[in-house]
Amino acid sequence: MIEKILVYKWNGNGREQSVIRILRSMGMKVMECEETFSDYHEDAAFAEKILRCLQNGGVQLVFSWNYVPLLASVCEMNKTPYAAWICDCPLQTLMSKTVLYKHNYFFCFDRNYAERLAALECENVYHFPLAVDAETFMQAAVQEEDRVRDYEADVSFAGKLSKEKSTWMESQGIPEYAKGYLSGIVEAQLRVYGYNFVREMIREDVAGDLLQGKKFVTGDMYFSDPIQLAAEVVNEEITRKERISVVEEISKRHEVRVYSDAEDRLPFIYHKSKINLYIIPRTIESGIPFPVLDILACGGFCLTNYQPEIAEFFEDGTEIVMYTGMEDMANKVEYYLQHEEERAAVAKAGSKKVREFFDLKEKLVRMLAFVEGE
């Protein structure tokens, strides 16, 4: 029976505190650690401090959002289970050879990435959708009504929006034919939703040209997968172009509020915007990212691009709304701005679904059961 857990806080997503609070409410003894490291694989001082913490504190499980290879190495040395809940894609650390340690437990929000880890013969890999502390989100969303009014908008988009071309598009170190080949893949994938074929389309020689031009170095501690690395670079460019195009298209008819750095205001934004637009990064191939769940948890209406796992877990048009192209997106923005009752009903149903099926406490209980069962 797991009773003592170390929660490692390192990527700054702010969600560790919800995990800690919930675990303690379940009667767990939780230790917190924010010790920094200088290298993903080698930092003797960090390793010594973590090892001392595990041994002196009688820790039975280490938890972190995403995966830290050095933390896995210490846990393997001490034979302590390490549960990494993967919530980002791409994640370079998942290409570390340390993923093969038998005391690792991967809970991966994206099914495609879970399958890749399993293909590497990792022992404990679970497809595990993300979850949110919905009650806390809603409380934050409805408080300070005067302040919240400042975020009323027809359409809002909270996320990175850069008009600067990716560095590989301008790099002098990449042959022109490779740039042209990759640009063709970008334009083709922009027109397809629900299936990512970038990895399948990239030739190994083109991937080598791209990575050499970017001077991308991983080292001996990583698996060599140039095609996957190249695909992630290309998918980032697709995301950049898609986000700009979508925002510009909507802006032709409606004001769009763009929030590129508003972590502390997101509950207000999600709750008070008539339409919350979220353009999922193409590096996330199948999974449901945090912002989609956060919007729904705050009682907001969410319009997002088609994603396989969203279609699997949510009813399109009833609990969430997905688009499959630029024209479809523009039409749905227009329709739901004009149909307030339908929009409110979708937001209400989406919030209900998140509370019932994506509750953070229930997911943590299930996670512990998986580890204890092994």
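User: Is C302 buried or exposed?
Analyst: In this predicted model, C302 is buried, since its relative accessible area is 1% and anything under 20% counts as buried.

User: Switching to I295, where is it?
Analyst: I295 sits in helix 13, which runs over residues 290–297, and it is buried because its relative accessible area is 1%. Its C-alpha atom is 31 Å from that of E35, a residue 260 positions away along the chain.

User: Now helix 16, what span does it reach from end to end?
Analyst: Helix 16 covers residues 340–357, and the distance from its first C-alpha to its last is 26 Å, close to the 26 Å expected for its 18 residues at 1.5 Å a residue.

User: Which residues are buried in it?
Analyst: The buried residues of helix 16 are R343, V346, A347, G350, S351, K353 and V354. Viewed down the axis of helix 16, they fall within an arc of 160°, so they line one face of the helix. On the other side of helix 16, E341, K348 and K352 are exposed.

User: Why would residues three or four places apart point the same way?
Analyst: An α-helix has 3.6 residues a turn, so residues with that spacing point the same way.

User: What about helix 8, which residues are buried there?
Analyst: In helix 8, A178, K179, L182, I185, V186 and Q189 are buried. These residues cover an arc of only 125° around the axis, which puts them on the same side of helix 8. As for its length, helix 8 has 14 residues, 176–189, and should span 20 Å at 1.5 Å a residue, which agrees with the 20 Å between its end C-alpha atoms.

User: Next topic, how many cavities of 30 Å³ or more are there?
Analyst: A search of the whole structure finds 3 cavities of that size. The largest cavity holds about 100 Å³ of space, and among the 14 residues that line it, G194, Y195, R282, E285 and Q307 are the closest to its centre. The lining of the largest cavity has 7 nonpolar, 5 polar and 2 charged residues.

User: And what lines the second largest cavity?
Analyst: The second largest cavity, with about 50 Å³ of space, is lined by E249, I250, R253, H254, A330, V333 and E334. Helix 11 and helix 15 (326–338) each supply at least two of its lining residues, and helix 15 gives the most, with 3 residues. By class, that lining has 3 nonpolar, 1 polar and 3 charged residues.

User: Last one, which residues lie nearest the centre of the second largest pocket?
Analyst: M95, R116, L120, D225 and Q228 lie nearest its centre, out of 14 lining residues. The elements that give two or more residues to this lining are helix 4 (111–119) and helix 11 (226–251), and the largest share, 4 residues, comes from helix 4. The second largest pocket has about 260 Å³ of space, and its lining comprises 8 nonpolar, 2 polar and 4 charged residues.

How values were computed:
Residues are numbered from 1 along each chain as its sequence is written. This is a predicted model: local features need pLDDT of at least 70, side-chain atom pairs count only at pLDDT 80 or more; totals for chains, interfaces and linings use all residues. Side-chain values use heavy atoms; hydrogens and water are left out. On a 1 Å grid over the protein atoms alone, a cavity is a set of points where a 1.4 Å probe fits but cannot get out, and a pocket is an open set with protein on both sides within 12 Å along at least five of seven lines; lining residues have an atom within 4 Å of a point. Grid points are joined across faces, edges and corners, and a volume is the space filled by probe spheres set on the points. Ala, Val, Leu, Ile, Met, Phe, Trp, Tyr, Cys and Pro count as nonpolar, Asp, Glu, Lys and Arg as charged, and the others, Gly among them, as polar. The expected span of a helix is 1.5 Å times one less than its number of residues. Buried means under 20% relative accessible area, exposed over 50%, partly exposed in between (1.4 Å probe, protein chains only). The arc is that of the directions from the helix axis to the C-beta atoms.
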